[in-house]
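Subject: Structure handover and findings

Dear colleague,

Please find below the structure that I am passing on to you. My findings follow directly after it.

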Amino acid sequence: MEVSLKILVISDTHLGKTRWNGLGDRVFQRAFTLASESEFDVILHCGDIVEPKTEVSLEKGLEIFSQIPGKHHLWVAGNNDIEWTFGKSEIWQYTEVFSELIESFGIHLLDEYPKIIGEYAFAGNYCFPDLSLWKPSIFKEEKYAQSFEELYTKTNEFHIKRLRTTVNEMFTWSQNHFHSGLRMLGKELKKVIISHTVPSTELIIYGESARYDHVNAFMGWDDSKSKKPLHTYDNVILQLCGHTHRHKVVKREGYCDLINVSSKIEGEQPWVFEV
């Protein structure tokens, strides 16, 4: 007998951010309502639970997330979540810091290792960007890089000074960690894979402004150019991401859809999937 899983998904809630009219509070409230009315096997957060440097700590955000009714609570870290660890540890150790933090909340951090639930496997990672989603802007503003070489040099200088590592090192480390977890999973397991950042140029909008075109560099990476794109692993039935605050579904012939589950300030979340 085939068993299905019911999944409630939220992302990019940025609890504590005041200028988005309480987006995070509204999304969490709707999640509580939905999960109280129907039983969910998995409650999944795709990253950026809280806004850094506000009155809402990451620990408080995780506590709120853990209280949504559901059998399993899974989390993929977002860039704003990881920023909470700056100065507390080496960037590579964010999974260790978070694992200690969530121990009392019963949350599973997918960045550390996948979670198997029956015949299903959930695998996820923040996925540090590699700047490959950047394109030269049609708008020329001196404060933004005009070439990839300039962008890479300036970004690398910042990373080395603040995080003591390079863009390529961070990207390679997170990709290797993600793929090693996927390779450990049996071929027969039905896989749901999640990244916070976006793995496709199809989820990027270019030409809105110089600033927006600049920010695109930090949205993710072009997974279609990877040696082994994530969606090509055996039995991947669902792929999710967040980060952009722009919901979109990318159809792929012969493979599962890629779904961006983040939403605009108005908010379409939470999302419900049955797999």
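In strand S10 of this predicted model, isoleucine 259 is the bridge partner of leucine 240. S10 (residues 258-260) runs parallel to strand S8, and three bridges join the two; strands are DSSP runs of E with at least two residues, helices are runs of H or I with at least four, and both are numbered from the N terminus. Two strands are taken as paired if DSSP finds at least two bridges between them. S8 also pairs in the parallel sense with strand S7 (residues 190-195), over four bridges, and there glutamine 239 of S8 stands opposite isoleucine 193. Of the six residues of S8 (residues 236-241), five are buried, where buried means under 20% relative accessible area, exposed over 50% and partly exposed in between, with a 1.4 Å probe and protein chains only.

Regarding conventions, residues are numbered from 1 along each chain as its sequence is written. Local features need pLDDT of at least 70 and side-chain atom pairs pLDDT 80 or more, while totals for chains, interfaces and linings use all residues; side-chain values use heavy atoms, without hydrogens and water.

The largest nonpolar core has 33 residues, and Leu62 and Trp75 have the most contacts inside it. Among the elements giving two or more residues to this core are strand S1 (6-10), helix H2 (58-66) and helix H4 (94-102), but H1 gives the most, with five residues. The core with Leu240 is a second, separate one of 21 residues, which also includes Val42, Val261 and Trp271.

The structure holds nine aromatic pairs; rings of Phe, Tyr and Trp (its six-membered ring) pair if their centres lie within 6.5 Å, with planes under 30 degrees apart counted as stacked, over 60 as edge-to-face and the rest as tilted. Tyrosine 94 and phenylalanine 128 form an edge-to-face pair, at 6.3 Å centre to centre and 85 degrees between the planes. Tyrosine 94 lies in helix H4 and phenylalanine 128 in the loop between strand S6 (120-125) and H5, so this pair ties together parts 34 residues apart in sequence. Tyrosine 94 is buried at 0% relative accessibility, and phenylalanine 128 is buried at 6%. The rings of tyrosine 94 and tryptophan 173 are also edge-to-face, because their planes stand at 75 degrees, with the centres 6.0 Å apart. Tryptophan 173 is partly exposed, at 25%.

The largest pocket has a volume of about 1300 Å³. On a 1 Å grid over the protein atoms alone, a pocket is an open set of points with protein on both sides within 12 Å along at least five of seven lines, a cavity is a set where a 1.4 Å probe fits but cannot get out, and lining residues have an atom within 4 Å of a point. Grid points are joined across faces, edges and corners, and a volume is the space filled by probe spheres set on the points. The pocket is lined by 36 residues, with Asn79, Asn80, Val215, Phe218 and His243 nearest its centre. One cavity of 30 Å³ or more was counted, and the largest cavity holds about 70 Å³ of space. Its lining includes Trp134, Phe139 and His214.

Yours sincerely

Technical notes: Core = buried A, V, L, I, M, F, W, Y, C linked by side-chain atoms within 4.5 Å.
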